[in-house]
Amino acid sequence: APGGGKEEYDKQGRPMFGRIWTYEELQTVERPARMLGERPPRPILHDMPTPSNWPADTQIDRESSWVFWLPDGWMQGVRTQPNSGLKLKCYFNPEGKRFWHKRDIEKFLGRELPKVEKPQLSEEEKKERESGSSGRTRMRYVTDADAIPMWPDDEEDWLPKDWKIMFRQLPSGLHKCYIPPGVDDGFLYHRDAVVKYLQGEKQKLSRIEGSRPMADIMKESAARAGKDTSIEFKPKQKNLKYRKTAKSLEYEASTRLGVALLPMHEAEADQAALLATLQEAGAEAPQELLEAATRVHKLLVERGFGKTVELGAAFRRGGDDKDPVADAVAGVYYRVPSAFDGRPCYQLVRPDGETLSCRGVYLRWNSRHTRWQFGALQEERDGIAIGASSAECATPWEVANGWSLIKAPVGAADEATAEEAT
């Protein structure tokens, strides 16, 4: 890796945090040509004229980066309010219809737009892939020369300019953290926590001086909510067995496994729609699955997660035949706070009274094989169920061509177990 890599990270004593940056510093810092895993800048369209069918108070946006999720043929504009001079971003379809928010565009199109941008490859990595010498995105470290965060440029402009940001080292790569003004040794992990902090809700800051395992973070979330119970992390247990390497794995296409996104923050308004979603997807026992998702959402919110925490479900489709793979991955998944391999990552979680049991089954991206898969979180592990033709899907819920399941049982000599959460 240019300007860093594991060797440099080990040499510097494996630091947990990178440099702390202000907004002003990030606007003037000289960045390396390639910012892997960060949003690449969109072209600034100096010479493109504003379409004639746009309102007179709106011009094409030539000053800022265009959002990555904008559909083909659409354009980004800036409307200047005549009295205040305030500038607002907006978006136009080819017919000149104006939209203010991503959610309005999704409603208009009748589909979801991408949630994450596909990472761009450097010229060196492109050559490696073309020659077959490498098939995965490099691991990033806080000591890398290009470990410089991008200031959030979402349309809501949710992070005040007097805050600071930094990277924290995770096993899967870099995670962006947020430091309130006037604070020297504390930070917040996620956008939801920042928003609550700005709204005056009490949020406990994590300390910069030490590492925080995920188990401790989730227990801390429970304590913040005033609960004695915490998410239960069960000891390692043997589960479905599968082989370590792709060469030894055999999959077969199956219609027995399905997935669906469950926007539970909308559940109070439309439980019937969520139930219909599961029914239309062919889920067995859809009412029981929806009840489990509702309980998971409630318990996560009580433990300090935002109401909009993303949930989805994997389920068996109809049929009398038992399938050990489909049974092993079936259940409710929540989006874990940190990305894995550059994409969202989801963990199987089950309600158990007033506790949540987090399982060692993940639904995550595998950049080595450019696919979504169920299985263990280790990068070198292949999945026990893989998404068919999923390379273009930004989230696993978009996988439309079904899943292929590992053939079980498998041989004994080179088996590795799918473990429960540590």
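**Notebook: salt bridges, sheet, cores and backbone**

I began with K6, which at 46% relative accessibility counts as partly exposed; here buried means under 20% relative accessible area, exposed over 50%, and partly exposed in between, with a 1.4 Å probe and protein chains only. I note that this is a predicted model, in which local features need pLDDT of at least 70 and side-chain atom pairs count only at pLDDT 80 or more, while totals for chains, interfaces and linings use all residues. Residues are numbered from 1 along each chain as its sequence is written, and side-chain values use heavy atoms, with hydrogens and water left out.

**Entry on charged pairs**

I took a salt bridge to be a side-chain nitrogen of Lys or Arg within 4 Å of a carboxyl oxygen of Asp or Glu, and by this rule the count comes to eleven. K6 pairs with D10, the closest N and O atoms being 2.8 Å apart; both residues lie in helix α1, four residues apart, about one turn of the helix.

I then looked up R79 and D57, whose side chains meet in a salt bridge at 2.7 Å, N to O. This pair links distant parts of the chain, since R79 is in strand β3 and D57 is in the loop between α2 (23–28) and β2, 22 residues apart. D57 is partly exposed, with a relative accessible area of 26%.

**Entry on the sheet**

I counted two strands as paired if DSSP finds at least two bridges between them. Four strands form an open antiparallel sheet in the order β2-β3-β4-β5. Its edge strands, β2 (58–60) and β5 (98–99), each pair on one side only. Between β2 and β3 (residues 75–80) the antiparallel pairing runs over three bridges, and I60 has G77 in β3 as its bridge partner.

**Entry on the cores**

For a nonpolar core I used a set of buried Ala, Val, Leu, Ile, Met, Phe, Trp, Tyr and Cys residues joined through side-chain atoms within 4.5 Å. The largest such core has 29 residues, and those with the most contacts inside it are L278, L300, F315 and Y334. At least two of its residues come from each of β13 (257–262), α7, α8, β14 (311–316), β15 (331–335) and β17 (355–366). The largest share, seven residues, comes from α8. Another core of 21 residues lies apart from it, with V329, Y333, I384 and W403 among them.

Taking contact as heavy atoms within 4.5 Å, and leaving aside neighbours within four places in sequence, I found L278 in contact with A260, L262, A283, P286, L289, L290 and F315.

**Entry on backbone and cysteines**

Most residues other than glycine have a negative phi. R14, in the loop between α1 (6–11) and β1 (21–22), has a positive phi of about 55° although it is not a glycine. A285, in the loop between α7 (271–280) and α8 (286–302), likewise is not a glycine and has a positive phi of about 50°. R14 is partly exposed at 47%, and A285 is partly exposed at 40% relative accessibility.

I searched the whole structure for disulfides, meaning pairs of cysteine sulfur atoms within 2.5 Å, and the search finds zero. C90 is buried with a relative accessible area of 0%, and C177 is buried with a relative accessible area of 0%.
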